[in-house]
Amino acid sequence: MAGASRVRTTRSSAFGKVMRRAALPALGLTIMAFFGAYAVLGPNGILAYGDYKKQLARREKQFTALDQKRAVLRNRVALLDPDHANPDMVDEMVRKELNVAHPDEVIVPLK
C-alpha cells in the first residue's frame, strides 16, 4: 500500500508544479485579454469610434448654426454702437420695445 500512495503523491505534486508554473502566464493572459476587450468594446474603444464621428458631425452643425447667430448678433451690436448708431436699427428697436407704430404703417410679423 505504501507504493500506491507514493505514486499518487508524485502525480499530484507533478500536477501542482505544472499548475504553479502556469499560474503566472495564465494571469498575464487574463489581464491582457481584459484590456484587449476593453480596447475594443469599452466606452472609448474601437466600436465607439463610429458613434464619436456621428456626434462630431452633429456638433459641428450646431457650432455652425451658433456661429451664424453670433455673427448676426455681432452685426446688430455694431449697429447700436453709441458713438455712431444706425438710425434705422435704433428706430426698429424702439418701436419693438415700446410697441408703437404710425397709423399708416403696416406691421408684418416675421415669426
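Rings of Phe, Tyr and Trp count as a pair if their centres lie within 6.5 Å. With that rule in hand, let us walk through this structure, which is a predicted model.

Start with the overall fold. The protein chain has 3 helices and 0 strands, and read from the N terminus its elements follow the order α-α-α. Of the 111 residues in the chain, 5% are buried. The accessible surface of the protein chain is about 10,600 Å², and carbon and sulfur atoms account for 65% of it.

Now let us turn to the aromatic rings. A pair of aromatic rings is described by the distance of the centres and the angle of the planes. The pairing rule gives 2 aromatic pairs here. One of them joins F34 and F35: the ring centres are 5.3 Å apart and the planes meet at 70 degrees. Planes over 60 degrees apart count as edge-to-face, so that is the name for the F34 and F35 pair.

F34 also pairs with Y38, with 6.4 Å from centre to centre and 20 degrees between the planes. Planes under 30 degrees apart count as stacked, and the pair of F34 and Y38 is therefore a stacked one.

Put together, the ring pairs link F34, F35 and Y38 into a cluster. Is F34 buried or exposed? Its relative accessible area is 52%, and exposed means over 50%, so F34 is exposed. F35 is exposed too.

Methods
Residues numbered from 1 in each chain as written. Predicted model: local features only at pLDDT ≥ 70, side-chain atom pairs only at ≥ 80, totals over all residues. Heavy atoms only, no water. Helix = DSSP H or I, 4+ residues; strand = E, 2+ residues; numbered from the N terminus. Buried < 20%, exposed > 50% of the residue type's maximum accessible area, 1.4 Å probe, protein only. Areas by Shrake-Rupley, 256 points an atom, 1.4 Å probe, with all protein chains shown as cover. Phe/Tyr/Trp six-rings, centres within 6.5 Å; stacked < 30°, edge-to-face > 60°.
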